[in-house]
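Please keep the sequence and the 3D view open while you read.

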Amino acid sequence: MKVVVDLSRCEGYAQCAFLAPEAFRMRGEEALMYDPNPDDARRDQVLRAAAACPVQAILVDQPEGRNVPAEASTS
Ligand code: SF4
């Protein structure tokens, strides 16, 4: 599975590191380290961590370059 954390949003609340410590780890007070390709066996943990993030900084399995909603691409 693919994980992206928007580090410009991340406020270092560490909810993710608490819920999915194999995928997310705090380094120091506020810096977040994470595994961008966690094992699928950790999917539940990672989804729980993403849901718990207070600022919704964790994106799971988002195709790249698809930040625009599909409806916005009408020509
Ligand atoms: S829960 Fe969200 S805000 Fe907190 S450290 Fe993780 S990504 Fe950052």
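In the hairpin of β2 and β3, which residue takes a positive phi? That residue is Gly28, with a phi near 75 degrees, and the hairpin has 3 residues between its strands. Please keep in mind that you are looking at a predicted model.

## The overall plan

The protein has 2 helices and 4 strands, and along the sequence they follow the pattern β-α-β-β-α-β. The protein has 75 residues, and 19% of them count as buried.

Among the contacts in the protein with a separation of 6 or more, 62% are between residues 24 or more positions apart.

Strands β2 and β3 pair in the antiparallel sense, over 4 bridges. You can find Phe24 opposite Tyr34 in β3, while Met26 has Leu32 in β3 as its bridge partner.

Phe24 will come up again, as it is among the 13 residues in the largest nonpolar core.

Helix α2 covers residues 43–52, and its buried residues are Val46, Ala49 and Ala50. These residues lie on the same side of α2, because they cover an arc of only 100 degrees around the axis. The geometry behind such patterns is simple: an α-helix has 3.6 residues a turn, so residues three or four places apart point the same way. The elements that cover the buried residues of α2 include β1 (3–5), α1 (15–19), β2 (24–27) and β4 (58–60).

Now look at the largest nonpolar core, which has 13 residues. Those that touch the most other members are Cys16, Ala20, Ala23, Phe24, Val46, Ala49 and Ile58. Two or more residues come from each of β1 and α2, and α2 gives the most, with 3 residues.

## Val3 in strand β1

Val3 lies in strand β1. Is Val3 buried or exposed? Val3 is buried, because 22 other C-beta atoms lie within 10 Å, and the cut-off for a buried residue is 20 or more.

What does Val3 touch, not counting residues up to four places away in sequence? The list is Ala23, Tyr34, Asp35, Pro36, Pro38, Val46, Ile58 and Val60. Val3 and Leu59 are 56 residues apart along the chain, yet their C-alpha atoms are separated by 5.8 Å.

## Around the ligand

How many residues are around the ligand? There are 15, and Cys10, Tyr13, Gln15, Cys16 and Cys53 come nearest. By type, the shell around the ligand divides into 12 nonpolar, 2 polar and 1 charged.

## Positive phi and exposed spots

Ala14 is in the loop between β1 and α1. Its phi is near 70 degrees, a positive value in a residue other than glycine. Ala14 counts as partly exposed, because there are 16 C-beta neighbours inside 10 Å. Asp61, in the segment after β4, is not a glycine either, and has a positive phi of about 50 degrees. Asp61 is exposed, because 12 other C-beta atoms lie within 10 Å and the cut-off for an exposed residue is 12 or fewer.

Finally, Ala41 sits in the loop between β3 (31–34) and α2. Ala41 is exposed, because 9 other C-beta atoms lie within 10 Å. Ala41 and Met1 are 40 residues apart along the chain, and their C-alpha atoms are separated by 9.3 Å.

Conventions. Residues numbered from 1 in each chain as written. Predicted model: local features only at pLDDT ≥ 70, side-chain atom pairs only at ≥ 80, totals over all residues. Contact = placed C-beta atoms within 7 Å. Arc of directions from axis to C-beta. Near = placed C-beta within 6 Å. Nonpolar A, V, L, I, M, F, W, Y, C, P; charged D, E, K, R; others polar. Core = buried A, V, L, I, M, F, W, Y, C linked by C-beta atoms within 7 Å. Pairing = 2+ DSSP bridges.
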